[in-house]
Amino acid sequence: AHTPKILGFGHYAPSRTLTNADLEKMVDTSDDWITTRTGIKERHVAAPDEACSDLALPAARQALEQAGLTPDSLTHIFVATFTPDAYVPSAACVLQHKLGASQAMAMDLAAACSGFLYSLETARAFLAIHPEAKILVVGSEVITSRTNFTDRSTCVLFGDAAGAAVLGNQDNAIAALDDVLLGADGSLGDLLVVRGGGSGAPVALGESVDESFFVQMQGSEVFRHAVRSMASITNQVLARAGLSAKDIDLFIPHQANIRIIEALAKKLAFPIDKVYVNVNRFGNSSAASVPLALSEALQEGYIPEDATVLLASFGGGFTWGAALLKF
Ligand code: ACO
């Protein structure tokens, strides 16, 4: 059967960090509340002149370097994000230009926190159509550009980052992308929204921005659905491969909240020491979260040779997904 490969990984986070102590000075919160409710200690924040494509660029270059490819060998670029540089041009087109990947088509993909898994599945499909393709997929977010820093229930949760992978069909590769499964439920879309400025919530010239421009969510509802949907799709992808939790060497779920990760691990009977966690250092970086964790885990030596790695994600839409990688 046709199994696309991952040829390189990369990640990047802006240098500036925002600690819980910093947030204590901005809203009525405490390090203790944030730590016990979310597991987050600090998150990275883009500089005013750093947009989605600027975070994507170093992550993409790292992934290309590991793949041993030059930008002009890329045929496709997908950027998963809900915080692109602009509506038009897409972050993927801006990135294409900054990379000098002049032979690649480029498009953004909108699936909120599940965007990276959605782009992996898209890459899989494109590689079936174009066997010679070399595809760059990036999850990149400047969520702080859509964070309401007067709303303590959301502003403590998010951070900016990017993660990237290069895919192609070849034998000598870092990992095989064995399977991807995706799901969505638009009937629950209202529970996690960024509406302002969309065509459903248009802004007239001269009107100022209101809370609707920023992430708004029903946290405890999102929490419940995140655990349920990720557990279900993870079990489906394992069953399809004839595997069980004990066959997985490392589980990398979306990094939104340590309590979601723990509840998910418990539900799936995964020992927590087989679960990769960096939400404490990055917060929730949406589409960047899974590729950031994956690339970091690989660089830091947490992925042994011949490892089977399981990915899972959940985000606004709602959207969710799971994937299996064989190293
Ligand atoms: N500091 C102090 N108190 C706070 C803060 C804060 N930063 N934020 C909320 N509170 C208060 C609330 O006002 C509330 O007070 P009240 O009872 O007097 O009204 C109290 O804490 C409890 O609020 P809850 O919302 O019930 O707290 P909960 O335990 O559910 O935790 C949280 C909130 C952390 C947001 C949790 O629901 C969560 O993580 N949900 C999932 C959110 C998430 O990860 N979404 C992303 C997934 S999809 C994506 O990545 C886009």
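From which domains does the shell around the ligand draw at least three residues each? It draws them from domain 1 (5–173) and domain 2 (178–326), with bounds that come from an automatic or database domain assignment.

Colleagues, a word on the model before we proceed. Residues are numbered from 1 along each chain as its sequence is written. This is a predicted model, in which local features need pLDDT of at least 70 and side-chain atom pairs count only at pLDDT 80 or more, while totals for chains, interfaces and linings use all residues. The protein chain has a mean pLDDT of 97, and 100% of its residues reach 70 or more; pLDDT is the predictor's confidence in each residue, from 0 to 100. The model scores are ipTM 0.92 and pTM 0.96.

Let us turn to the ligand. Around the ligand there are 25 residues, of which Thr 29, Cys 113, Gly 219, Phe 223 and Ala 256 come nearest; a residue is near a molecule if its C-beta atom, placed from the backbone, lies within 6 Å of it. Helix 7 (219–240) is one of the elements that each supply at least two residues of this shell, and strand 12 (308–315) is another. Helix 7 gives the most, with 5 residues. Helices here are DSSP runs of H or I with at least four residues, and strands are runs of E with at least two, numbered from the N terminus.

Next, the annotated site. The unreviewed UniProt entry carries an "active site" annotation covering Cys 113, His 254 and Asn 284; positions follow the numbering used here, feature names are shortened, and annotations may be inferred rather than shown by experiment. These residues span 172 residues in sequence, yet no two of their C-alpha atoms are more than 8.7 Å apart, so they gather at one spot.

Cys 113 lies in the loop between strand 5 (105–109) and helix 5 (115–129). With 32 other C-beta atoms within 10 Å, Cys 113 is buried; the term applies at 20 or more such atoms, exposed at 12 or fewer, and partly exposed in between, with C-beta atoms placed from the backbone. Leaving aside neighbours within four places in sequence, the contacts of Cys 113 include His 254 and Ala 256, where contact requires C-beta atoms, placed from the backbone, within 7 Å.

Asn 284 sits in the loop between helix 9 (279–282) and helix 10 (289–299). Asn 284 also counts as buried, with 26 C-beta neighbours inside 10 Å. Beyond four places in sequence, its contacts include Ala 256 and Ser 289.

Conventions:
Contact = placed C-beta atoms within 7 Å.
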